[in-house]
Amino acid sequence: MSGFSQDDGFFQSGYYDNQNQGQQQYAGYDYSSAGQQQFGHDQQFGQFEYNQGSYVQEPSYSAAQQVYGGSIMTPATPFTGQQDSHAGDSYDDEPPLMEELGINFDHIMQKTMTVLNPLKAADHSIMQDTDLAGPLVFCLAFGGSLLLSGKVHFGYIYGIGVVGCLAMYCLLNLMSMTGVSVGVIISVLGYCLLPMVLLSASSIVFSLQGMLGIVLTCVAVAWCSVSASKLFVSALAMDSQQPLVAYPCALVYGVFALITVF
C-alpha cells in the first residue's frame, strides 16, 4: 500500500488527456474540431427538395370532394311539408290510452249505477265489457275500510274472492247454455261488492254486532246477491232463473259480511 501513490502513471494527468483525444477521434471523426468549427453557426434546414425523389404530393381535400360522386347525405325522396301533417293525423287517429288499457269510465259508471239500483234493468252490452278496474277498486276500498275499523283481512278477502269466483264459474257454466268466462264472473262479483263496502264503512262509526248491525248486514247481503244475480241473468240470457243464481251469490257475500261484522 505504501507503494501506491499519486505519483503513479494511472493518476497522472496525461492519461486522461490521451483518453479524451482517443474518444474524440473515434471512427475517424474529430468531435472536438467539428464542435469548434460548427459552434456559433446555425444549421441549415429545409434544403430537401420535396418535388424530387420518392415524395409524392397528396391530393387536396377539395379535389377529393370533386371526384367523389356518392349520395350519403342525399335523401331518397325530397322533403315536403305533407309528412308532418300525415304524422299528426296518425296521432289523432290513435285511441285514448284508457281505451287501449281496457278502462272505460262510461261502462264503469253504468255498472256502478246498476248495482246501486237493483230494480233497474241491466244493459246487455255493458256486461260484455269484462273490465277489472272497478272490482279492484272496490276490493281495495273494502279492505281499507276494514283496516280503519282495526281489522286486517286483506288475505281473507283475496281467498274468499278466489274461491267464490271459481264456485260461481263452475255453477253458471252448468246452468247456462252459452257458457260464461272467468272475466265476467270476476267483474260482476267485484262490482256487486259495493254494498259490502258501504257496510264496512259504517262499521267504522258504530259496531255491527247489535240489532242495527244485524239488520244492516242482512240488507247488504240481499242487496249484493240481487244485483249480482240480475247482472248474471242479463249477461247469460238466463230467463226466470234469477232466484237460482241469487242463492249462491248470497252465500258468497254472506262470508264477506261475517268478516265485516266479526
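In the predicted model, Thr114 is buried, with a relative accessible area of 4%. This value lies under the 20% threshold, so Thr114 is assigned to the buried class. Thr114 is located in helix H6.

The axes of H6 (residues 105-116) and H12 (residues 211-236) approach to within 9 Å and cross at roughly 125°. By residue class, the contact of H6 with H12 comprises 4 nonpolar, 2 polar and 1 charged.

Helix H6 also takes part in an ionic pair. The count of salt bridges comes to 1, formed between Asp131 and Lys111, with the closest N and O atoms 2.9 Å apart. The pair links distant parts of the chain, 20 residues apart: Lys111 lies in helix H6, whereas Asp131 lies in the loop between helix H7 (124-127) and helix H8 (133-148). With a relative accessible area of 3%, Asp131 is classed as buried. Lys111 is likewise buried, at a relative accessible area of 2%.

Hydrophobic packing was considered last. In soluble globular proteins, nonpolar side chains tend to be buried together. In the present model, the largest nonpolar core has 44 residues. The residues with the most contacts inside this core are Phe142, Leu172, Met196, Phe232, Tyr253 and Phe256. At least two residues of the core are supplied by each of H6, H7, H8, helix H9 (154-175), helix H10 (182-191), helix H11 (194-205), H12 and helix H13 (242-261). H12 gives the most to this core, with 9 residues. Phe232, one of the residues with the most contacts inside the core, touches Met168, Leu172, Val184, Ile185, Val188, Leu189, Val245 and Cys249, not counting residues up to four places away in sequence. Leu172, which Phe232 touches, is also listed among the residues with the most contacts inside the core.

Note on methods
Residues are numbered from 1 along each chain as its sequence is written. This is a predicted model: local features need pLDDT of at least 70, side-chain atom pairs count only at pLDDT 80 or more; totals for chains, interfaces and linings use all residues. Side-chain values use heavy atoms; hydrogens and water are left out. Axes are lines fitted to C-alpha atoms, for helices over the stretch in contact, and angles run from 0 to 180 degrees between N-to-C directions. Helices (H or I, at least four residues) and strands (E, at least two) are DSSP runs, numbered from the N terminus. Ala, Val, Leu, Ile, Met, Phe, Trp, Tyr, Cys and Pro count as nonpolar, Asp, Glu, Lys and Arg as charged, and the others, Gly among them, as polar. Buried means under 20% relative accessible area, exposed over 50%, partly exposed in between (1.4 Å probe, protein chains only). A salt bridge is a side-chain nitrogen of Lys or Arg within 4 Å of a carboxyl oxygen of Asp or Glu. A nonpolar core is a set of buried Ala, Val, Leu, Ile, Met, Phe, Trp, Tyr and Cys residues joined through side-chain atoms within 4.5 Å. Contact means heavy atoms within 4.5 Å.
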